[in-house]
Structure formats: structure tokens, C-alpha cells
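Biologist: I have a chain open here and would like to talk it through with you before I do anything else with it. Could you take a look?

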Amino acid sequence: MSQTALNLTAIAIFLTTMTALLGPMFNLSPTLPAIATFSLLGLATLDSFGLQGKGGTLILDWLASFSPQHRDRIIRHEAGHFLVAHLLGIPVTGYALSAWEALQQKHPGQGGVSFDDTEVASQLAQGTISAQLLDRYCTIWMAGIAAETLVYDRAEGGADDRQHLQTVLSSLGFSAASVELKQRFCSLQACTLLKQNWATYEALVTAMQERTDVASCSDLIDSLTLKSNLVG
């Protein structure tokens with residue numbers, strides 16, 4: 001059972017107990033607390049078996065979606081992944097900007113960017129991966145955190161990105177210290193790429209806010225990158 005389901009169950013038990021103790025004193029009808037209790041238990045069951053423990057993320061994301069800054073953080077985080085992946089030659093196949101979209105696209109968390117990871121998956125399946133390809137993907141995984149940090153001075157998202165990086169590196173035999181070192185190095189690499197292409201990043205953020213399709217976003221990056229190179 002997920003933590004969200006456990007929390008909902010605990011609330012339901014607490015509500016039932018308090019109703020039994022205080023209901024007679026305040027002449028409370030047992031109907032409303034019963035409905036609330038069954039609703040909470042139903043949500044707990046749905047979260048555990050229907051949403052694979054992601055119900056809490058959906059609820060929290062829905063509540064947070066009323067905050068413009070929260071929505072902006074998610075877009076800027078995912079735009080960081082998108083831009084760095086494209087610049088490093090890893091094709092982007094899709095993106096999600098809410099927990100519901102992420103769930104539909106089988107992403108964890110409150111958003112996500114999908115990549116064509118055929119090459120890296122093939123190499124990992126063989127238990128080995130080239131250092132160059134590994135650095136490219138690690139830089140992409142850290143790019144969302146890097147983008148948030150550059151804009152807001154600190155990142156609130158990215159726990160899934162760090163976990164993914166740690167899982168892959170650990171499976172390749174990296175020590176905890178080496179994982180930490182790789183994470184820092186790739187964060188710096190991502191920051192450098194974003195700073196060097198900041199105008200393109202801002203344009204991509206705007207395009208993703210408008211839910212521009214992946215192909216058009218990619219064309220936008222290519223066009224602005226080419227223009228920047230010609231001016232430079």
C-alpha cells in the first residue's frame with residue numbers, strides 16, 4: 001500500500017473514532033461521517049490498485065496547479081530536459097506538463113519528457129555503455145534541476161531524475177561517491193548548455209506553455225540555434 005493510501009486510511013479511522021466519541025455530544029448525524037469515511041477508504045483503494053500509488057501526486061498536483069509559479073516551474077523544468085536532449089542529439093518523442101498527463105504517458109511525478117532511448121537501453125541490456133553516451137543521458141536527466149536552479153536559485157522537482165540517474169549508475173557498478181560526482185559534473189554541463197542557449201530556452205518555454213507539438217518545438221530549437229551560430 002502506498003503512503004498516500006496509508007494516510008487516507010488513517011484519516012478514515014480517526015474520523016470514525018472521533019464520530020463515535022463526539023457524535024452523541026453534538027447530535028451529529030452518523031450519515032455524513034460515514035459517507036466521508038467510505039469516500040476516503042475508496043480513494044485509498046483506488047490509489048493502491050488503480051493508480052499504482054500515484055493518487056496523492058495527482059491530488060497534490062491538482063491543488064498546486066492553482067499556483068501560476070508551480071505551473072511555471074514544471075514547464076521550465078521540462079523545457080530544460082527537452083532543450084538539452086535535443087542539443088545533445090537525443091530525439092524527444094513527447095512531453096507532459098501535469099501529473100495527469102504524466103500518468104497517461106507512464107511518467108512518474110508531475111511531468112516528464114520522453115526520449116528515444118533505444119540506443120542506451122540496448123547498451124544497458126548488454127551490461128555496458130559508452131562513456132560518451134552515458135554522459136549525454138546523465139546531463140539530460142540533470143537538465144530539469146539545472147533549469148529550475150538557474151531560474152529560481154533552487155530546484156523543487158527532480159527527485160525522480162536523481163533516482164533514475166542513481167539507479168542506472170549503480171547498476172553499472174558506480175560507487176555512491178562516484179554517483180555524487182557524476183551528478184554534480186552533469187549538472188554543471190547542463191547549466192552550461194542552458195546558459196549558452198538561454199534565448200532558445202526561453203522561446204521553448206513559451207512554446208511548451210502553448211502545448212506546441214514536439215516536432216514544432218524541435219524545429220524552433222534548430223532555427224534559433226542556427227540563427228545564433230550565424231550571428232556568433
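Biologist: Where in the protein chain is confidence lowest, and where is it highest?

Modeller: This is a predicted model, and in the protein chain the confidence is lowest in helix α3, residues 55–64, with a mean of 47, while the highest value belongs to α10, with a mean of 97.

Biologist: And what is the mean pLDDT of the protein chain?

Modeller: The mean pLDDT of the protein chain is 78, and 65% of its residues reach 70 or more. Two stretches stay under 50: residues 1–9, for which the model has 16 contacts beyond four places in sequence, and residues 46–51, for which the model also has 16 such contacts. Where pLDDT is low, the predicted coordinates should not be read in detail.

Biologist: OK, changing topic. How many helices and strands are there?

Modeller: The protein chain has eleven helices and two strands, and along the sequence they follow the pattern α-α-α-α-β-α-β-α-α-α-α-α-α.

Biologist: How much of the chain is buried?

Modeller: Of the 232 residues in the protein chain, 39% are buried. As for how the chain meets itself, among contacts with a separation of 6 or more, 65% are between residues 24 or more positions apart.

Biologist: Let's go to the helix packing. How do α4 and α7 cross?

Modeller: The axes of α4 and helix α7, residues 131–152, come within 7 Å and cross at roughly 135°, which means that α4 is oblique to α7. The crossing of these two helices is right-handed.

Biologist: Which residues meet there, then?

Modeller: On the α4 side they are Q69, D72, R73, R76, H77, G80, H81, V84 and A85, and they meet T139, I140, W141, A143, G144, I145, A147, E148, V151 and Y152 in α7. By class, the residues of this contact divide into nine nonpolar, six polar and four charged.

Biologist: Y152 is on that list. Is Y152 buried or exposed?

Modeller: Y152, which has its place in helix α7, counts as buried because its relative accessible area is 17%, under the 20% cut-off. Leaving aside neighbours within four places in sequence, Y152 is in contact with Q69, D72, R73 and R76. From C-alpha to C-alpha, Y152 and R73 are 8.5 Å apart in space, although 79 residues separate them in sequence.

Biologist: What about E148, buried or exposed?

Modeller: E148, also placed in helix α7, is buried, with a relative accessible area of 2%. Beyond four places in sequence, E148 is in contact with R73, H77, D153, R154, A155, E156 and G157. E148 and I75 lie 73 residues apart in sequence, with 9.6 Å between their C-alpha atoms.

Biologist: D153 turned up there. Where does D153 lie, and what is its phi?

Modeller: D153 lies in the loop between α7 and α8, the latter covering 159–171, and its phi is near 75°, a positive value in a residue other than glycine. D153 counts as exposed because its relative accessibility is 67%, over the 50% cut-off.

Biologist: Which other residue has a positive phi, near 60°?

Modeller: That is R211, again a residue other than glycine, and it lies in the loop between α10 and α11, with α11 running over 214–231. R211 is partly exposed, with a relative accessible area of 43%.

Biologist: Back to α10 then. At what angle do α4 and α10 cross?

Modeller: Helix α4, residues 68–87, and helix α10, residues 198–209, cross at roughly 120°, and their axes come within 9 Å, which means that α4 is oblique to α10. Here α4 passes α10 in a right-handed crossing.

Biologist: And what residues make that contact?

Modeller: From α4 there are D72, I75, R76, E78, A79, G80, F82 and L83, which meet T200, Y201, E202, L204, V205, M208 and Q209 in α10. The contact comprises eight nonpolar, three polar and four charged residues.

How values were computed:
Residues numbered from 1 in each chain as written. Predicted model: local features only at pLDDT ≥ 70, side-chain atom pairs only at ≥ 80, totals over all residues. Heavy atoms only, no water. Axes fitted to C-alpha atoms, helices over the stretch in contact; angles between N-to-C directions. Helix = DSSP H or I, 4+ residues; strand = E, 2+ residues; numbered from the N terminus. Parallel < 35°, antiparallel > 145°, perpendicular 65-115°, else oblique. Left-handed = near helix turned anticlockwise from the far one by under 90°. Contact = heavy atoms within 4.5 Å. Nonpolar A, V, L, I, M, F, W, Y, C, P; charged D, E, K, R; others polar. pLDDT = per-residue confidence, 0-100. Buried < 20%, exposed > 50% of the residue type's maximum accessible area, 1.4 Å probe, protein only.
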